[in-house]
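Open the structure in your viewer and keep the selection panel at hand.

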Amino acid sequence: MVIMPAVESNMFPLGKQAPPFALTNVVDGRLVRLDDVKSDVATVIMFICNHCPFVKHVQHELVRLANDYMPKGVSFVAINSNDVEQYPDDSPENMKKVAEELGYPFPYLYDETQEVARAYDAACTPDFYIFDRELKCVYRGQLDDSRPSNGIPVTGESIRAALDALLAGRPVPEHQKPSIGCSIKWKPSS
């Protein structure tokens, strides 16, 4: 297994509005807009992919997390922005396979132009963002303290704490740790 150098989140500014998007859901071929997935409670946007060991490490927790919080009115959406020419494991066909195998309960969107990743200043996979009912950023950073090699269990603790605060009407703590993962695989500049 090739270990990619770890990259940290760029830490999108708290309070900043979620940039709009319209991307194809690889599972059903439908166009999904931010307004389609926006929640009156909280909207979780995750930049993930298929090949990254950091994402593979947390995939099952992403499903548990979504299944735990979707019934409470939280919406989830995953976006893959990687260059599939260089990383064919991340192609839409393979995205669909992974989503179906793992039972992703959320749309898995393909950002072919990489414009959405740039708009969100996404740096790594996985990279997580939580937006409130007005689509203002209240959390960005890690899922939890677990990494593929550190032996800490994957719990989703950081995201769960932020969502629990929002659900209880409390402010989300502003001390937030960046996510760490593989870099977004940018297309070569032309």
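**Stop 1: helix α5**

Select the buried residues of α5: S158, I159, R160, A162, L163 and A165. Buried means under 20% relative accessible area with a 1.4 Å probe, protein chains only; helices (H or I, at least four residues) and strands (E, at least two) are DSSP runs, numbered from the N terminus. This is a predicted model, where local features need pLDDT of at least 70, side-chain atom pairs count only at pLDDT 80 or more, and totals for chains, interfaces and linings use all residues. Residues are numbered from 1 along each chain as its sequence is written, and side-chain values use heavy atoms, with hydrogens and water left out.

Next, show what covers these buried residues; β4 (42-47), α2 (53-69) and β5 (74-80) are among the covering elements. Just past the helix, G169 has a positive phi of about 75°.

**Stop 2: the largest pocket**

Which helix gives the largest share of the lining of the largest pocket? Helix α5 (residues 157-167) does, with 4 residues. Select the lining, which includes Y139, D145, E157, H175 and K177.

**Stop 3: an open sheet**

Select β1, β10 and β7, which form an open antiparallel sheet in the order β1-β10-β7; two strands pair if DSSP finds at least two bridges between them. At its edges are β1 (7-8) and β7 (124-125), each pairing on one side only. Helix α2 packs on the sheet and touches β7 and β10 (contact means heavy atoms within 4.5 Å). Finally, select T125: its bridge partner in β10 is C182.

Note on methods. On a 1 Å grid over the protein atoms alone, a cavity is a set of points where a 1.4 Å probe fits but cannot get out, and a pocket is an open set with protein on both sides within 12 Å along at least five of seven lines; lining residues have an atom within 4 Å of a point. Buried means under 20% relative accessible area, exposed over 50%, partly exposed in between (1.4 Å probe, protein chains only). Axes are lines fitted to C-alpha atoms, for helices over the stretch in contact, and angles run from 0 to 180 degrees between N-to-C directions.
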